[in-house]
Amino acid sequence: MAKKFLVFLVVFTLVFSAFGTFGYSQQIPTSEYSKLIIDFLKVDYNLLKQIAQDNFKQNFQPYQSKSKIAERLGKEIQNLGEDAQQEIEKYSPDETVRVIIELQQDSVASYALKANKTLKTLAETEKANILNKIAQQQNQVKNELTKNFNFKVRHIYKTAINGISGEVKVKDIEKIKLLPGVKDVRIANEYFLDMTSAVYSTNAPTVWNELGYKGEGMVVAVIDTGIDYRHQDMKVADPNRVKLTKEKVQQIAAQTGLPYKYFTEKVPVGWNWADNNDEIIDIGATQSMHGQHVAGIIAANGNIKGVAPEAQLIVEKVFTNNPNFPSAFSDDIVAGIDHAVAFGADVINMSLGSTAGFVRPDDPEHVAIKNAVDNGVIVVVSAGNSSYSTSAEFYPYAMDPDIGTVGSPGLWLDAIQVAASINPGLTGKSFSVNPAPQGFDKVVYSVGSPSDHDPIDPADVLKGEYEVVYCGLGKPEDFQGKDVSGKVALISRGSITFNAKTINAQNAGAVAAIIYNNTTGTISMALGEGTKIPSVSILKDAGLAIKALLDQGQKVTVKFDGAIATNNLGTPPGDNVTDFSSWGVTPSFDFKPEIMAPGGGIYSTLNKDSYGLMSGTSMSSPHVAGAMALIAEVLKERVAKGELKFENGRDFVEMAKIMAMNTAKVIIDTNDNAAPYTGKILRSPKPYSPRQQGAGMIQIDKAIETPVTITDANGKAGIALGSIGNSVTFTLILKNHSNSDVTYNLKDEYGVLTDYVLWGFNFAETTTLTGATVKFDKDTVTVPANGQATVNVTLIIPQNALQNIFAEGFLSFIPQDSSLPKLSVPYTAFYGSWDEPRIIDSPLYEDDTYYGLTGMAGVINNELYFLGNLGSKTLIHLQLLYLLMAMVYLTLYNQCFPS
């Protein structure tokens, strides 16, 4: 043993002597940074940022996966999702930050709730009195802030919360918390955007034409980038049926003292909170027109129809027109919520979020949303576009079951969080094909967005007909031996970036690149620098149809005439969840997302009377917001007729939410994500996970028509059971809101589902959980008129099932009266302990590491030090060092101790 240790010691000494100063300081071996010395493994964050920025400017190389999983698979893994990056910043004491200061006195909404009233039932004199008291307290606190902390006020909140926002130094935050009247001080959170056949997926035309509801008298607030109120589709048919007249807007503004500007009958009021002015249109060189697209989905009323075409829109612009600031801050968002509630919004839409969020009840925006819901305002938020946790690399390990990425504020219990399905029809500009492939005489395209110049629409620059050449994946070798000069390159998605494909086509002489998808759905192509030709994306089926003609030896030409057309999506149409829609559940195992609507390939309004295509849960959320406006319109009518009664505003909101979830359509996943690796279909069709589609696709007409609603004992329509053992029993409560008895047959229609696992990977789909069953305490249930009934449900997991897996599904309630809607209750549970699976990837030297990046660090003298060297090159050198030590050790050992 002593000899073995001696060999190791010799090797250790020899190897480390070759590395000179390793362990003390290391010089970065680059010419530009040759004078910079990093003290023993100490991280210089400013230097790292500068190096990263400079390298990005010089090379502009896309991110290349270097994870352990990619190395093991021995192939390039394609990212089919939309990434979002989050950075945790450490604030210095003298740094100036934006804060929201919540005051102790009740807001108007809180006061109303405690008085067992709502903002709508609060007497005007009572409201004026509380507003006056709030103003007095706010003035006192503002004076103290200005006098002692050089406080710069941004916003005043009175309705949803009582507070003030502004800028202060970090070191003063704790002092401000001690001021009389101050309840809490929070640094403002930062949020980012989540990006006409869709209405048929949710049966909106049926509601307009057969049931007679179009959103008349309803108001939807859009907290987003702004709205072009001048658009030809931003109008109402009957101004006499609007809720917010110019006089009403002026009255509310005078009473509350809130900033405002009246614009039109369709857009009666709005404000730009990010820039603190009345410019509510998204303008400037970097305009996204995201808010205008969202607004069109909700309530466009012209060439295209939104879900609630007669609803009015309030504009709460929280994204600045300054191109240097792409995000929104929570103090502006809270101002928008406060403003929307004060002006009488029935629904608030927020197509924004922060990926993989947490529920923090004391966040000011959470408080504002809660108070809005308490006062009868429905808040709808997008789920996010981050798919599952490892989608940027490959499918996750089955041993890491928590793959949820749903973002805040949508994951808060008071908000309705929305997942995205593929639009059954892709509408937009198109090109013609000659000869026309079956089903695609017109092919709808989406223009790619370069980073160094405006998108190039081929309809603007290419006149006449152009021959098409198939160029595989668009790699340089795919163009060899092919005459592409003056022609259009047809390229498949995959293997390399969209930008690389386009530049390769450009270098080969092509006048344009058409890139078709390699999976269902649409592509939002982000290009980099250097593209000079148009690059557009099309559907997979369209691309394959054109390729089939070329494979037959036919000459195929295209003409970019830009005519508006529609291509079919999905098989059957609309019955696919998008690959980008964020998964649940939340970290605290709450049921999220709750419902789904079309969000992939949505054609809607843009600025200046134009239209365009966007994809994201940003598009599915406003669809549900419009749907909620229609449902709320019906509920208010029934209340006015005396057919329904609600104790408070929250009961009203919950009723609308439960009706929508109970009647949602469960969507079946016919795909097999593992098929490309197994070479065959092993998975049978099963519903998409409730963690992916929520309750399913919203069906507005069915929600309006159902006489019965179903919840658990906590009043929830989506059942989150959390950690369970081999069996768990829960009670469902059925309430009948009609004057007739209703009977349902109970059925576990789809069986108990769990994750689809092969070779230790979770392929992000469901399959049957073998041996698991659901038992009802009765086969049928009759719910008496204006009464209720209960059903006990027992979920049973077999003893031999693997631990720490999901067990979930959808329970069906099929009415014996076929004229009534079928009802469904989604549930999810975790067989095992939700707290047990790892939450941090194993270290890079462990076999079960996924990313190969986890290391160890420690704090010495308030500075962060890593165990291991700094930077990717140094890390590689360190790994080579370990390898060299092992090789030398084994060589000497074998020589000294031959077997």
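**Close-up views of a predicted model**

In strand β25, the residue that forms the bridge partner of I422 is G600. The structure is a predicted model, in which local features need pLDDT of at least 70 and side-chain atom pairs count only at pLDDT 80 or more, while totals for chains, interfaces and linings use all residues. Residues are numbered from 1 along each chain as its sequence is written, and side-chain values use heavy atoms, with hydrogens and water left out.

**View 1. An open sheet of 7 strands with parallel pairing.** The strand order is β9-β10-β8-β12-β14-β15-β25. Strands β9 (269-272) and β25 (595-600) stand at the edges with a single partner strand each, so one side of each has no neighbour in the sheet. Neighbouring strands are turned by 25° against each other on average, direction ignored. Strand β15 (residues 416-422) pairs with β25 in the parallel sense over 5 bridges. Strands are DSSP runs of E with at least two residues, helices are runs of H or I with at least four, and both are numbered from the N terminus. Two strands pair if DSSP finds at least two bridges between them.

**View 2. Helix α16 lies across strands of the sheet.** Helix α16 (residues 617-640) lies across β8 (219-224), β12 (347-350), β14 (378-382), β15 and β25, and runs at about 160° to β14. Axes are lines fitted to C-alpha atoms, for helices over the stretch in contact, and angles run from 0 to 180 degrees between N-to-C directions.

**View 3. Helices α11 and α12 pack at an angle of about 15°.** The axes of α11 (residues 330-342) and α12 (residues 364-374) are 9 Å apart. The two helices are therefore roughly parallel to each other, a term for angles under 35 degrees. The contact (heavy atoms within 4.5 Å) is made by S330, V334, I337 and V341 of α11 and by P364, E365, A368, I369 and A372 of α12.

**View 4. Helix α14 is mostly covered.** In α14 (residues 498-507), 7 of the 10 residues are buried, meaning under 20% relative accessible area (1.4 Å probe, protein chains only). Among them are F498, T502 and A505. The buried residues of α14 pack against β20 (488-492), β21 (512-516) and β22 (535-538). G509, which follows α14, has a positive phi near 100°.

**View 5. N736 is a buried residue of strand β32.** The strand spans residues 727-736, and N736 has a relative accessible area of 4%. A polar atom of the N736 side chain lies 2.7 Å from the backbone oxygen of S740.

Notes
Buried < 20%, exposed > 50% of the residue type's maximum accessible area, 1.4 Å probe, protein only. Polar contact = N/O pair within 3.5 Å; in protein donor to acceptor, adjacent residues only side chain to side chain. Parallel < 35°, antiparallel > 145°, perpendicular 65-115°, else oblique.
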